[in-house]
Amino acid sequence: PIYNSISIYAYHPQYIDLRQLPALKDEELAKEFEAKRLKLNALLKIDYEEVNNTKRAYLRAIYKQEGKKILSTAGFKTFFDNNSEWLRPYAAFSVLRDRYGTPDFTQWAEHSVYKADEIEAFTDKKSPEYDDVAYYYFIQYELHIQLLDASNYAREKNIILKGDIPIGISRQSVEAWVEPFYFNMNGQAGAPPDPFSKNGQNWGFPTYNWDVMQKDGLKWWLK
């Protein structure tokens with residue numbers, strides 16, 4: 001999971017195994033990506049930015065080739081029905097972040113304030129933005145499949161996977177955009193002093209508004 005400016009629910013494309021995706025039918029493009037893969041894997045140190053950019057470019061190409069077919073499967077429909085509550089806002093946030101070049105939603109010309117009915121229309125199949133929205137559905141579905149396969153394999157081998165609850169969210173994240181009332185956006189959380197940082201660390205996370213959270217039985221934490 002990535003907690004910085006995306007979502008505590010969604011997974012980052014950098015974790016995807018491209019070998020598990022359908023093969024590219026464009027032979028020239030496939031050769032280009034294979035050459036890039038070999039070059040990146042030969043580096044002594046991982047070039048995270050270039051790996052991420054290359055994976056995103058490959059995902060775009062696969063989505064263009066296979067997206068409609070994959071998103072019409074029963075498996076995706078089940079995934080969407082089970083996860084639409086977070087998936088639709090996440091996909092809309094991602095499209096708007098790309099469009100405006102920043103996850104700082106306060107800087108967006110449109111939809112800087114989250115309104116559920118507007119985002120429902122934005123992510124509707126009849127929306128002009130749907131193709132861009134569905135691209136993020138596609139990525140999350142493929143990551144879901146790969147993580148599920150890995151976790152099932154681990155359980156078969158009697159390996160226990162331990163979950164993680166993030167200690168904070170980015171103030172430029174989909175959570176802060178969708179449910180800002182759960183957080184003190186003028187607060188800043190970090191880490192207390194320790195042997196590595198005698199003055200502590202300011203991570204810039206907004207603090208939790210516990211009074212508001214308790215009013216609905218800590219629904220945000222239960223989700």
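Let's start with N158: at 71% relative accessibility, N158 counts as exposed, where exposed means over 50% relative accessible area, buried under 20%, and partly exposed in between, with a 1.4 Å probe and protein chains only. One thing to keep in mind is that this is a predicted model, where local features need pLDDT of at least 70, side-chain atom pairs count only at pLDDT 80 or more, and totals for chains, interfaces and linings use all residues. Residues are numbered from 1 along each chain as its sequence is written, and side-chain values use heavy atoms, with hydrogens and water left out.

Back to N158, then. N158 sits in the loop between helix 5 and helix 6. When I say helix, I mean a DSSP run of H or I with at least four residues, numbered from the N terminus (strands would be E runs of at least two). N158 is not a glycine, and still it has a positive phi of about 60°. It also comes after helix 5. L218 does this too: not a glycine, with a positive phi of about 60°. You'll find L218 in the loop between helix 7 (210-215) and helix 8, and it is partly exposed, with a relative accessible area of 33%.

Now helix 5 itself, residues 130-156. How far apart are its end C-alpha atoms? They are 38 Å apart, and that agrees with the 39 Å its 27 residues should span at 1.5 Å a residue. The expected span here is 1.5 Å times one less than the number of residues. Helix 1 has 15 residues and reaches 21 Å from first C-alpha to last, close to the 21 Å expected. And what caps the N-terminal end of helix 1? That's D26, with a side-chain oxygen 3.2 Å from the backbone nitrogen of E28.

That's a polar contact, meaning a pair of N or O atoms within 3.5 Å; within protein, one must be able to donate a hydrogen and the other to accept it, and residues adjacent in sequence count only if both atoms are side-chain atoms. S170 gives us another case: its side chain reaches the backbone nitrogen of Q172 at 3.0 Å. S170 is in the loop between helix 5 and helix 6 (174-178), and it is buried, with a relative accessible area of 9%.

On to charges. Side chains of opposite charge can pair when their charged atoms come close. The structure holds 8 salt bridges, a salt bridge being a side-chain nitrogen of Lys or Arg within 4 Å of a carboxyl oxygen of Asp or Glu. One of them joins E85 and K223, with the closest N and O atoms 3.7 Å apart. E85 is in helix 3 (residues 74-100) and K223 is in the segment after helix 8 (219-222), so this pair ties together parts that are 138 residues apart in sequence. E85 is exposed at 56% relative accessibility, while K223 is partly exposed at 37%.

Then there's R97 with D98, a salt bridge at 3.1 Å, N to O. R97 is buried at 11%, and D98 is partly exposed at 38%. Next, R99 and E129 meet in a salt bridge at 3.5 Å, N to O. R99 lies in helix 3 and E129 in the loop between helix 4 (116-122) and helix 5, so that pair ties together parts that are 30 residues apart in sequence. R99 is partly exposed at 39%, and E129 is buried at 18%. Salt bridges that share partners also join E85, E179 and K223 into one network.

Last topic: empty space. Rolling a probe the size of a water molecule over the atoms shows where it is left. The second largest pocket has a volume of about 570 Å³. A pocket, on a 1 Å grid over the protein atoms alone, is an open set of points with protein on both sides within 12 Å along at least five of seven lines, whereas a cavity is a set where a 1.4 Å probe fits but cannot get out; lining residues have an atom within 4 Å of a point. Points are joined across faces, edges and corners, and the volume is the space filled by probe spheres set on them. Of the 21 residues that line this second largest pocket, the closest to its centre are L18, R19, R37, N41 and K55. Helix 1 (27-41) and helix 2 (48-70) are the elements that give two or more residues to the lining, and helix 1 has the largest share, 6 residues.
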